[in-house]
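Please keep the sequence and the structure in view while reading.

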Amino acid sequence: MRSGWIPLVDNILFKYADAGRHASVYFVRDKDFVCLIDPSVDERHLPEGVVPDMLLLTHAHSDHFWAIDEYRDAMAIPLYLHEADAATLADPLLNGSVLFGRPLVPAPASHLFGDGDSIALGDTLTLKVIHTPGHTPGSSCLLLQQTDAQKPLALITGDTLFPGSIGRTDLAGGDQAQMAESLRALKTLLKSLPADLVLLAGHGPASMCGRELQYNPFLNAPHD
Ligand SMILES: [Zn+2]
């Protein structure tokens, strides 16, 4: 395996370790099937032999998708995105690329998902969508599950929930009231998940669901 990729869940989920100022990049694989999540690094950074079959965004901010069109120009590959972020993706002000001095208008997503959807990855894995608007209208958390297994494998939280923190709501498309509502729903979800379930955010190190439930101040606001 080319250096720079850390296996986080068995031989199934990997994180790019050196994303620098970009967001965290993950890929999930089921045998030969590979789903690349938040592709902010291009193909040259992928391990040898790993060829993505689909791309998926936790939300449509450009630091999470810099390399998106390079993959789609090179291969016919579907892009999955929450339906409420379709407009975010299409607007360089809303997707934030203008702030980086690189205005981008990527081609639209080929597949729009909604809250509660289950997205199949290969034969044995699914991503369950939990819509958590607030950072952007379509921000979503994704619960990675193995078919026929009781225990999920990971919770991917994008820029909604970070270790000890949350995503900002003051960018275009952000909404503080929606974020508060999403955090209430997430807290209920986290209580239903195993405390040692790995939690993977769009920036920063990995955490665990139980740790965030206990120590993340934004999940323990005084009104709760
Ligand atoms: Zn973001």
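The largest nonpolar core of this predicted model has 50 residues. Within that core, the residues with the most contacts are Tyr 26, Phe 27, Val 28, Cys 35, Ile 37, Leu 144 and Ile 156. Ile 37 is in contact with Tyr 26, Phe 27, Val 28, Leu 56, Thr 58 and Ile 156, leaving aside its neighbours within four places in sequence.

**Chain as a whole**

- The chain contains 4 helices and 15 strands. Its radius of gyration is 16 Å, close to the 17 Å that the globule rule gives for 224 residues, so the chain is as compact as a globular protein of that length.
- Taken along the principal axes, the box filled by the C-alpha atoms is roughly 50 × 40 × 30 Å.
- Buried residues make up 42% of the 224 in the chain.
- Of the contacts between residues at least 6 apart in sequence, 53% join residues at least 24 apart.

**The seven-stranded sheet**

- An open sheet is formed by 7 strands in the order β1-β2-β3-β4-β5-β6-β7, with mixed pairing. Its edge strands are β1 (5-9) and β7 (111-113), each of which pairs on one side only. On average, neighbouring strands of this sheet are turned by 25° against each other, direction ignored.
- Strands of a sheet pair through backbone hydrogen bonds, either parallel or antiparallel.
- Strand β4 (residues 33-37) pairs with strand β5 (residues 54-56) in the parallel sense, over 3 bridges. Leu 36 has Leu 55 in β5 as its bridge partner.

**The β8-β9 hairpin**

- Strand β8 (residues 118-121) and strand β9 (residues 125-131) are paired in the antiparallel sense, over 4 bridges. In this pair, Ile 119 stands opposite Leu 127 in β9.
- The two strands β8 and β9 form a hairpin, and 3 residues lie between them. Gly 122, in the turn, has a positive phi of about 65°.

**Arg 29 in strand β3**

- Arg 29 is part of strand β3 (residues 26-30). Is Arg 29 buried or exposed? There are 20 other C-beta atoms within 10 Å of Arg 29, and a residue is buried at 20 or more, so Arg 29 is buried.
- Leaving aside neighbours within four places in sequence, Arg 29 is in contact with Ile 12 and Val 34.
- Arg 29 and Leu 121 are 92 residues apart in sequence, while their C-alpha atoms are 7.6 Å apart in space.

- Most residues other than glycine have a negative phi. Lys 31 is not a glycine, yet its phi is positive, at about 55°. Asp 38, also a residue other than glycine, has a positive phi near 60°.
- Lys 31 lies in the loop between β3 and β4. With 10 other C-beta atoms within 10 Å, and exposure set at 12 or fewer, Lys 31 is therefore exposed.
- Asp 38 has its place in the loop between β4 and β5. Because Asp 38 has 29 C-beta neighbours inside 10 Å, and 20 or more are needed, Asp 38 counts as buried.

Conventions:
Residues are numbered from 1 along each chain as its sequence is written. This is a predicted model: local features need pLDDT of at least 70, side-chain atom pairs count only at pLDDT 80 or more; totals for chains, interfaces and linings use all residues. Two strands pair if DSSP finds at least two bridges between them. Axes are lines fitted to C-alpha atoms, for helices over the stretch in contact, and angles run from 0 to 180 degrees between N-to-C directions. A nonpolar core is a set of buried Ala, Val, Leu, Ile, Met, Phe, Trp, Tyr and Cys residues joined through C-beta atoms within 7 Å. Two residues are in contact if their C-beta atoms, placed from the backbone, lie within 7 Å. The radius of gyration is taken over C-alpha atoms; the globule rule is 2.2 Å times the number of residues to the power 0.38.
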